[in-house]
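Here are my notes on this one, written as numbered points. Have the model open beside you as you read.

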Amino acid sequence: MSDAVIKLINVRRFYLVGDFVVKALDGVTLTINKGSFTAIMGPSGSGKSTIMNLIGCLDTATSGYIEIDGELTNDLNESELAFIRNQKIGFVFQQFNLLGRLNALENVMTPMVYANYSSRERRDRAEEMLIKVGLKDRMKHLPNELSGGQKQRVAIARALVNNPAILLADEPTGALDSKTGDQIMTLFESLNDEGKTIVFVTHDRALGMRCKEQVYIHDGRIADQDVFRKF
Amino acid sequence: MFFENFKLALKSMWTNKMRTFLSLLGIVIGVGSVVAILNLGQSANDSIMESMEVGGLDMVNVIPSGWSREATFDEEFSQNFLVNIMGIKDVVATVSSTANVRYGQERLSTSISGVTSDFFEVNKLSLLDGEFFTATDNINRRQVVILGSDVAEELFPAGGAVGKYISIFRTQSKRYLVLGVLEEKDATLGASYNNGIFIPFNTYIQRFRKTSQVSSYTIQVEDGFDATKVADDIDEYLSSITDSDTYTIFSPAQLVDMANQIMTTFSSFLAAIAAISLLVGGIGIMNIMLVSVVERTREIGIRKALGATPKVIRGQFLVESITLTITGGLIGILFGWLISYLIVQYAGWALHFSWLAVILAMAFSTFVGVFFGWYPAMKASKLDPIQALSYE
């Protein structure tokens, strides 16, 4: 499929814990298209975090084939994976993961530092992103001076700043109250409307249902929706 | 990128001010010692050289023990030096004793020396006023005198000594014409020119006091010859013709050698302190950097997720440890400078500010930063991003 931005074919990820092999993912085949808004759902321990780590190039598969925005990632070394993360993936985490000693603007500029933009470009683009997520007045604030929702907006601005192919969100509303969570969800929806591909990892069924597509993971495999309903 | 890392490093140092300060102490002391060694070594050396050069490093003094009956030292004897020892340019014999001098109501007791006319040149003396006596004055045994600056001041408080006659007493009073007044010059090796008076050698031994005993020989070493070597040769020569307890040899160059040896010992001692403190300081830096890597595990995870390569992370921590040690180096330079300033004040030397010390100190601290920062930085760069991100 020409507009596939993420392709996983028969992906396995096994861990060795002592003498015991943990099969976190056991043969997952999955295609996510450009411009989609896909929820990856499943209970904790199902393997959805492992999928997220593999798509996010934080981890490599034990076997199988992973392609991110046209790049085969199986045999890449750490530096090459870092480059893909920097250029093609925008992470949004449950715990925001802002750098505490940097203000909002500096946080948003960080991915561009690694992409070797000039400081002028970094500033201009980071400001643009912060305005886009509605934080025009909070640019010089440190993370501990921001509310949870504002922190997550900074994180989203940071994820968008290098214009990645994929926005990868891991329980992005998990640490927020429902009203703020709803606002963040609305922000994701509007970003998707602008054409951004979003992969949304969650164990929350209601949130997952707000996404356009759903993928259910159970025991390291993709389960069909009917099976999933039983849980 | 480097600039970003540098800013980050300063930020993190500032956040942990006390910790930064304590972890830098080793470097500060180490670098401070290096700077102090070099500043002090150079200052001491300058000061010794300066005081020696006043007397002249190209000179050797031979002082006979006057009461020795076996040895005869006279002016003719001095010619033997020239014949028997390589590297001697000139030998000036001096006879001296004390005398009372008077001008008008002013009188004082002073040392009087009979010298040949080249004495002044060999000893690098210059005139404040008037002129030196000549070789002809010496041959003619003229009753002329050159006054040391202190003597001139005491006898002629109002100045204008040149052209006046002063009286010099030994067994009888004789009038001497003042030809010149010496410029003030600091004493070297106990010989002070300021409170002495100088008359021609022949005038001394034939008119002032009949004697064949020379008080000292000032031997000027030829250019390109080592004064210490010549002094040794003189010693060897003299001991072959007389007992070694009948003379004493002084050479400023020998004293410089001795002073240099003392400085070398002192420097090695301080260098050992510096090496140990730099080592301990470096270990302190490594320790604090390892703590910092652990504390910032999550930050490292975040940065890796945002696209920092292992090399970038390693660079960040290396820049941080180098920034730390260079800061320590800068404080150390100030500290070393302060120590050398205090010691120099106490010793009365002129402070020599050694740029070499600054360059060495900066090189040392950078080296310590790289060497001891490498392992923590490698450790940080190798962290697994997933584990680092879930680190609490």
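1. Is B:D137 buried or exposed? B:D137 counts as buried because its relative accessibility is 10%, and buried means under 20% relative accessible area, exposed over 50%, partly exposed in between (1.4 Å probe, protein chains only). Its side chain meets that of B:R142 in a salt bridge, 3.1 Å from N to O; the term stands for a side-chain nitrogen of Lys or Arg within 4 Å of a carboxyl oxygen of Asp or Glu. B:R142 is partly exposed, at 34%.

2. A quick word on ground rules. This is a predicted model, where local features need pLDDT of at least 70 and side-chain atom pairs count only at pLDDT 80 or more, while totals for chains, interfaces and linings use all residues. Residues are numbered from 1 along each chain as its sequence is written, chains are lettered from A and ligands numbered from 1 in the order in which they are written, and side-chain values use heavy atoms, leaving out hydrogens and water.

3. Now look between the chains. Over all chains, a search of the whole structure finds 19 salt bridges. One of them pairs A:E78 with B:K304 at 3.6 Å, N to O. A:E78 sits in helix α2 (residues 78–88) of chain A and B:K304 in helix α10 (residues 297–305) of chain B, so this pair joins two chains. (Helices here are DSSP runs of H or I, at least four residues; strands are runs of E, at least two; both are numbered from the N terminus.) A:E78 is partly exposed at 37%, whereas B:K304 is buried at 1%.

4. Last, the rings. There are 14 aromatic pairs over all chains, counting rings of Phe, Tyr and Trp (its six-membered ring) with centres within 6.5 Å; planes under 30 degrees apart are stacked, over 60 edge-to-face, the rest tilted. B:F120 and B:F133 are edge-to-face, 5.4 Å centre to centre with 75° between the planes. B:F120 is buried at 1%, and B:F133 is buried at 2%.
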